[in-house]
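User: I am new to this structure. Please show me how to read its features, one at a time.

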Amino acid sequence: MDKLVVRGGVPLQGSLTVSGSKNTALPLMAAALLAEGTTTLQNIPNLKDIATFSNVLRVSGAVVNAQPSTHTLSIDSSRIEYPEAPYELVKKMRASFYMLGALIGRCGQARVSLPGGCAWGPRPVDLHLKGMEAFGASIDLDEGYVVAQTPSAGLPGGIYRLEPSSVGATINLALAATTARGGSRIENAAIEPDVVVFCEALQAMGAKIEGIGTRTLEFEGVEALQPISFRNCPDRIELGTFMIAAAIAGEPGQPVRLNNAEPAHLGQAFIDAFQQTGTGLTVGTDYVQVTAPETLRPVSIETEIYPGFPTDLQAQWTVLLSQANGPATITDTIYGDRFAHIPELGRMGMFAKVSGNQVTVEGNQQLQGANVMSTDLRASVSLVLAGLVAKGETHVLRIYHLDRGYERLEDKLSNAGLYVRREQYDEFATPETEMA
Ligand code: EPZ
């Protein structure tokens, strides 16, 4: 099994490059299933989640070819003969559930495993299922699978209001609505950049969609979509992660440049909070420049749906707060229990107290290097960030979680002057066996 060995106290210098967005690439891959022929996607990150979803698409009959060296993925959906997404794959990655909308949209039927929960708690899909029924699909549950069927004449289409707004449900319902027989409307739709770029791709494929970027999406069903060549957007969560790394590990007064970025996708709340810490920020068209301050100011945040502060950056923000010159709080209004990283950070000496959906983080903390365990994707990267500022060496274990969402992180950070090495280890070795 792999771990990352991180040595603290080494300054981050020079530049980092942001990869393509994981959470946009996945719905783009699902959209490719809607069109007969070969869709080519550029700027696709080389991640485990992309490989997992490629295998899910292959099960249905798609021919998927990845070119990692050029970050390109081609998906030939000429023959989709098996409208299924099996448990063995869906359990690995929740976004596989997008196969429900894609297979309904392409085949008029689907048998998709229900996704489980995740490291930090339940991840319901009730909105996905109720929305599909509102659009005229029949939905049954059979031994952990969702079995969807549309009338022989095709999905009628309908109206559904999401409460709460949901990224995944918006994407799944859009996949089904594009080729429905009639019109459809999604109210209180998500407007995260992932959803906006995905809808722009559907439009390029021939879908008839009004209201992209607003909370009301109107669809007029079309007979079929056409395959396209489309470039994925940069990963806003990786960008935010690197900005936090530069703020805590950069040399005060020395700018760090983050390339291939799409700063607008961060949302104003994150940009405002980041600037309130006193960190220097220059925003370009496809890059940002971050200059660490002598002292970081504590800034309390509350996560919210876009353009609010992203929940996917709250674990990383925790580490920034530990280095600021005073206490502050983080409140997660999206996932009330997304704090599995706090006990692991505690092993590094972090004083942070969780109460309900809020964590209070003390400032001015000198963290200590330690062996720490990844529990989920964003928790694992917060442990790496903590290792950058800790005294001594930190071994971040089970980084298969990290590899789901960050491409070659150790190479990127090492190329910016940091000491981050990938090493193998035996998860079950005990000190005696190691010495023997
Ligand atoms: C997407 O998950 C992202 N994943 C998550 O990123 C991200 O944390 C989340 O959006 C919120 O921004 C992908 O894009 C692959 P939601 P998703 O449906 O679609 C509730 C990462 O680290 N809800 O917008 O599953 C839900 O419980 C991942 O890259 C229902 O109640 O999120 C939550 O409280 C982790 N019923 C809220 O909505 C439903 O049917 C938002 O969830 C669906 C969701």
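Analyst: Start with a salt bridge, which is a side-chain nitrogen of Lys or Arg within 4 Å of a carboxyl oxygen of Asp or Glu. Here Asp142 and Arg111 form one, at 3.5 Å from N to O. The pair links distant parts of the chain: Asp142 sits in strand S8 (residues 138-142) and Arg111 in strand S7, 31 residues apart. Strands (E, at least two residues) and helices (H or I, at least four) are DSSP runs, numbered from the N terminus.

User: What kind of model is this, and how are residues numbered?

Analyst: This is a predicted model: local features need pLDDT of at least 70, side-chain atom pairs count only at pLDDT 80 or more, and totals for chains, interfaces and linings use all residues. Residues are numbered from 1 along each chain as its sequence is written, and side-chain values use heavy atoms, leaving out hydrogens and water.

User: Which other residue does Arg111 form a salt bridge with?

Analyst: Glu84, with the closest N and O atoms 3.5 Å apart. Glu84 lies in strand S6 (residues 84-85), 27 residues from Arg111.

User: Is Glu84 buried or exposed?

Analyst: Buried means under 20% relative accessible area, exposed over 50%, and partly exposed in between (1.4 Å probe, protein chains only). Glu84 has 15% relative accessibility, so it counts as buried. Arg111 has 23%, so it is partly exposed. Asp142 has 32%, so it is partly exposed.

User: How many salt bridges does a search of the whole structure find?

Analyst: It finds 19. One of them joins Arg338 and Asp312, at 2.7 Å from N to O. Both of these residues are buried.

User: Which residues come nearest to the ligand?

Analyst: A residue is near a molecule if one of its heavy atoms lies within 4 Å of it. There are 23 residues around the ligand, and Arg94, Asp126, Ser166, Gly168 and Asp312 come nearest. The shell divides into 11 nonpolar, 5 polar and 7 charged residues. Ala, Val, Leu, Ile, Met, Phe, Trp, Tyr, Cys and Pro count as nonpolar, Asp, Glu, Lys and Arg as charged, and the others, Gly among them, as polar. Helix H5 supplies the largest share, 3 residues.
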